[in-house]
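Me: I would like to learn how to read a protein model step by step. Could you take me through this one, giving the general idea each time and then the case at hand?

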Amino acid sequence: LKAAGYSMDDKGAMRTMPPQMSKDGLPTVILDIRNGEQHMERIPIRPDKPLFVEDVVNDAKLIDRLGRIKVTVVRETTPASPPVRMDVDFDSRGKKIMQEQNYALQPNDRLIVSKDDTTWVDRALEGTRFGRK
């Protein structure tokens, strides 16, 4: 579960993360890049402009740096509930985020990015399993 972005206490129970602020006092999201090594950084959310998944991917040039990627947003809910995991799909070329999954990011969201090592055959087979062709 930790590898998927969930936060656990020493007894294995889910825990919520306290709100984190940037140096400027702005709420932040966590960009968690997993490319052999784990790189994490906080990205501030400005109150006058929403921040979307596509904004972070484009600003960090993640597709240029990593190639085809997988992106997952992990969002905290209430202290008694587990976080929500929202996978982000890309177009068939792996270059553009599907607009219906270009989520507006909220404070304390964790954006987990990793290289997508699946082949075109894997992706084609996955599409047929769910009735998509």
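Reply: Let us begin with a term: a salt bridge is a side-chain nitrogen of Lys or Arg within 4 Å of a carboxyl oxygen of Asp or Glu. With that rule, a search of the whole structure gives 5 salt bridges. Please keep in mind that the model is predicted, that local features need pLDDT of at least 70 and side-chain atom pairs pLDDT 80 or more, while totals for chains, interfaces and linings use all residues. Residues are numbered from 1 along each chain as its sequence is written, and side-chain values use heavy atoms, with hydrogens and water left out.

Me: How many helices and strands does the chain have, and in what order do the elements run?

Reply: Helices (H or I, at least four residues) and strands (E, at least two) are DSSP runs, numbered from the N terminus. In this chain there are 3 helices and 5 strands, and from the N terminus on their order is β-β-α-α-β-β-β-α.

Me: What share of the residues in the chain is buried?

Reply: A residue is called buried under 20% relative accessible area, exposed over 50%, and partly exposed in between, with a 1.4 Å probe and protein chains only. Of the 133 residues in the chain, 33% are buried. The accessible surface, which comes from the Shrake-Rupley method with a 1.4 Å probe, amounts to about 8,800 Å² for the chain, and 52% of it belongs to carbon and sulfur atoms.

Me: Which residues meet in the salt bridges, and are they buried or exposed?

Reply: The side chains of R34 and D32 form one of them, at 2.8 Å from N to O. Here D32 is buried, with a relative accessible area of 0%, whereas R34 is partly exposed at 21%. These two residues, D32 and R34, are also linked with R110 in a network of salt bridges. Another salt bridge joins R46 and D48, whose closest N and O atoms are 2.9 Å apart; R46 is partly exposed with a relative accessible area of 45%, and D48 counts as exposed at 58%.

Me: Which parts of the chain does the salt bridge between R75 and D109 tie together?

Reply: In that pair the closest N and O atoms of R75 and D109 are 2.7 Å apart.

Me: Which residues have a positive phi although they are not glycine?

Reply: Among them is K61, with a phi of about 55 degrees, and its place is in the loop between α1 and α2 (62–66). N108 is another, with a phi of about 75 degrees. N108 is placed in the loop between β4 and β5 and is buried, with a relative accessible area of 12%.

Me: Where is W120 found, and is W120 buried or exposed?

Reply: W120 is found in helix α3 (residues 120–129), and W120 is exposed, with a relative accessible area of 66%. The C-alpha atoms of W120 and S92, which are 28 residues apart along the chain, are separated by 9.3 Å.
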